[in-house]
Amino acid sequence: MLTSALVFLALCVTQFASAIPASALHATVIQRSEDLLSKYDYIIVGGGLSGLVVANRLSEKRSTTVLVIEAGEFDDGSNKFYVPAYVGLTIGTSFDWQVPSLPQEVLVNGNVTVTLGKVVGGGSAINGMLFDRGAPADYDAWQELGNRGWGWDGMLPYFKKSETFTPPTPEQAAQFGITWDSSVHGTKGPIHSSYPPFIYNQTKSFIDGMNQLGVPTSHDQAARALGVFYHPSSVDPTTVTRSFARTAYHNTAEKRPNYHLLTSSHVTKLLTKKSLGQRIAHGVQYTSKLGGNFSVEARKEVLVAAGAVHTPQLLQLSGIGPKALLNRFKIPVVSDLPGVGSNFQDHPSLVIPYTFHNAFSFSTWARNATLVAKYRALYKEKKEGPFTFGAGNALAFLQTCVVSNRTASLVAAGKAQRSSMYLLPNTPATIAAGYKKQHEILLKLWGSQDVATVEMIQMSTGMIVLALQHELSRGDIRIQSTDPFAHPAVNWRAFTNPLDLELMVDAFLTARRFIATPAIQELQPKEGAETVHLREKVEIVQFLKEELSPSFKHVSCTAPMMPKKLGGVVDSSLRVYGVKRLRVIDASIMPLIPSTHLQATVYAVAEKAADIIKSTNAWL
């Protein structure tokens with residue numbers, strides 16, 4: 001039902017006048033390679049979320065020249081990008097890389113397509129606009145892995161720096177019981193976070209149902225992302241349109257003469273040279289969609305922000321990665337780093353079919369032409385109504401002890417494992433050592449009250465979504481040829497550690513307990529035919545294997561920030577081991593995926609990266 005409503009709504013997009021002024025649709029960019037400078041201080045590979053953040057901050061100093069090279073183009077300014085109700089309609093289009101993945105060992109239908117933004121702004125242009133953070137313990141775990149300054153205290157200033165937070169209206173706060181802590185939010189950042197003018201009533205039922213299940217409401221997820229809570233979206237409260245890296249960071253920098261953006265250009269290789277016995281990055285090669293192969297030089301640094309799939313691919317193609325892999329493709333080894341492409345993580349997810357029969361929901365109006373026209377006009381004229389509501393504004397992030405009555409036995413089973421037993425065969429010793437340390441930290445988190453291991457979402461229609469937050473399994477990404485335009489081999493390896501599946505069984509049963517609460521029963525939920533008959537564990541396990549997705553579109557961790565001896569690719573200043581003047585600045589650097597939707601975290605990572613880079617090169 002939800003799919004058919006989305007299809008019908010998509011057909012209505014062209015009938016809706018653009019929410020974005022025509023003057024904002026075209027940016028001042030470099031149109032031809034011939035118009036580039038011969039050298040830039042910084043070259044940034046990728047004009048996605050992190051690339052645009054760092055480019056903006058570095059170009060604040062007018063004497064610093066910055067070039068961003070992006071394979072995609074600008075968004076077309078259509079409502080499918082900007083209007084909250086159209087969220088998801090750009091996925092699977094030309095603005096999405098649509099990278100295939102490999103068949104899976106455990107999941108029957110696990111070779112899902114990887115969704116990645118191929119557009120200026122990257123994933124921030126096509127994501128669900130959820131603007132939440134992980135718990136403090138999520139980031140403290142990064143620091144525990146050897147990354148001084150990357151714990152919660154080191155990240156909070158950058159969460160705030162990136163954000164302009166608008167609280168809910170007094171009426172909304174009273175109606176839904178929304179609370180917040182202004183001290184942990186930003187007030188002058190480029191990205192807007194706000195609450196939509198319209199929130200479905202069953203959102204309050206979700207909060208109440210969780211409370212009835214014994215799950216407390218967090219005062220503000222921005223300070224403590226545990227329990228159930230309301231959260232803002234990355235939406236400009238004035239225009240009620242998507243706020244993302246293109247509008248917030250590129251548009252404010254585009255008129256600076258020292259900032260250049262080259263679109264429709266695919267970087268194919270990082271250029272390095274030897275100097276005084278050291279490898280130094282000095283530029284990039286790229287191919288333009290208009291035709292031709294080019295190179296451009298960097299005076300100071302090359303910064304890679306190609307995303308968690310393409311960053312390891314580009315590093316490997318440039319001779320930076322596992323020596324055995326590079327030798328297989330006869331690529332000269334620049335830096336033997338086994339960790340490049342390893343440590344691949346996401347949030348494996350499951351949709352459980354429930355339908356509310358006593359609630360006004362997205363499906364109520366989205367397949368009704370009369371109601372679509374009514375609410376479209378309301379949005380256009382007053383910026384009110386269901387068109388202001390995107391992917392949702394309430395989440396539950398649950399500790400293991402909330403979803404399982406066998407927390408102690410799960411943790412004990414994990415401790416009894418040889419940490420490397422579920423890694424790939426012939427895993428290099430450094431990666432095994434790093435995972436051993438991660439495994440110890442993860443089991444501590446699984447048994448902790450301080451971090452979530454399962455997320456639960458209730459859609460307005462009644463559908464329940466579960467997502468595993470701290471998986472023990474690890475995937476990897478490797479080149480399949482020396483062709484820079486060929487997709488890499490993406491191997492999720494989800495649920496290869498059987499304890500992940502055990503926890504998801506308990507989460508599935510917790511969803512049923514939640515549906516049985518009085519607050520949700522008032523909505524007259526009906527479970528779908530696919531699951532209503534499932535009773536025995538063996539039946540549930542088989543359903544999970546058939547229906548689980550290895551992804552929640554949160555790909556990350558493939559160039560981890562850890563010591564080199566633990567399989568790390570970058571140090572705590574994001575410098576690639578073995579190559580001077582080269583850094584990675586995107587979601588690849590996370591050593592452990594946090595329990596949250598990732599965009600707010602990536603904004604903070606990029607803001608912190610910019611400060612690190614500026615402080616390192618202040619004397620140059």
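1. Which strands and helices do the buried residues of H7 pack against? In this predicted model, they meet four strands, E5 (227–230), E15 (354–356), E16 (394–398) and E17 (454–458). They also pack against helices H16 (498–515) and H17 (518–521).

2. Helix H7 spans residues 202–212. Its buried residues are Gln202, Thr203, Ser205, Phe206, Ile207, Gly209 and Met210. After the helix comes Gly214, with a positive phi near 100°.

3. Now the sheet. It is open and has five strands, in the order E5-E16-E17-E18-E14. The pairing is antiparallel. E5 and E14 (349–352) stand at the edges with a single partner strand each, so one side of each has no neighbour in the sheet. On average, neighbouring strands are turned by 20° against each other, direction ignored.

4. E14 pairs with E18 (residues 464–468) in the antiparallel sense, over four bridges. Val351 has Val465 in E18 as its bridge partner. Helix H16 packs on this sheet and touches E14, E17 and E18. The direction of H16 makes about 150° with that of E18.

5. H16 also packs with helix H18 (residues 537–547). Their axes are 10 Å apart, at an angle of about 105°. Angles of 65 to 115 degrees count as roughly perpendicular, so H16 and H18 are roughly perpendicular to each other.

6. Which residues of H16 and H18 meet? From H16 come Leu501, Glu502, Met504, Val505, Phe508 and Leu509. From H18 come Lys537, Ile540, Val541, Phe543, Leu544 and Lys545. Nine residues of this contact are nonpolar, three are charged and none is polar.

How values were computed: Residues are numbered from 1 along each chain as its sequence is written. This is a predicted model: local features need pLDDT of at least 70, side-chain atom pairs count only at pLDDT 80 or more; totals for chains, interfaces and linings use all residues. Side-chain values use heavy atoms; hydrogens and water are left out. Buried means under 20% relative accessible area, exposed over 50%, partly exposed in between (1.4 Å probe, protein chains only). Helices (H or I, at least four residues) and strands (E, at least two) are DSSP runs, numbered from the N terminus. Contact means heavy atoms within 4.5 Å. Axes are lines fitted to C-alpha atoms, for helices over the stretch in contact, and angles run from 0 to 180 degrees between N-to-C directions. Angles under 35 degrees count as roughly parallel, over 145 as roughly antiparallel, 65 to 115 as roughly perpendicular and the rest as oblique. Ala, Val, Leu, Ile, Met, Phe, Trp, Tyr, Cys and Pro count as nonpolar, Asp, Glu, Lys and Arg as charged, and the others, Gly among them, as polar. Two strands pair if DSSP finds at least two bridges between them.
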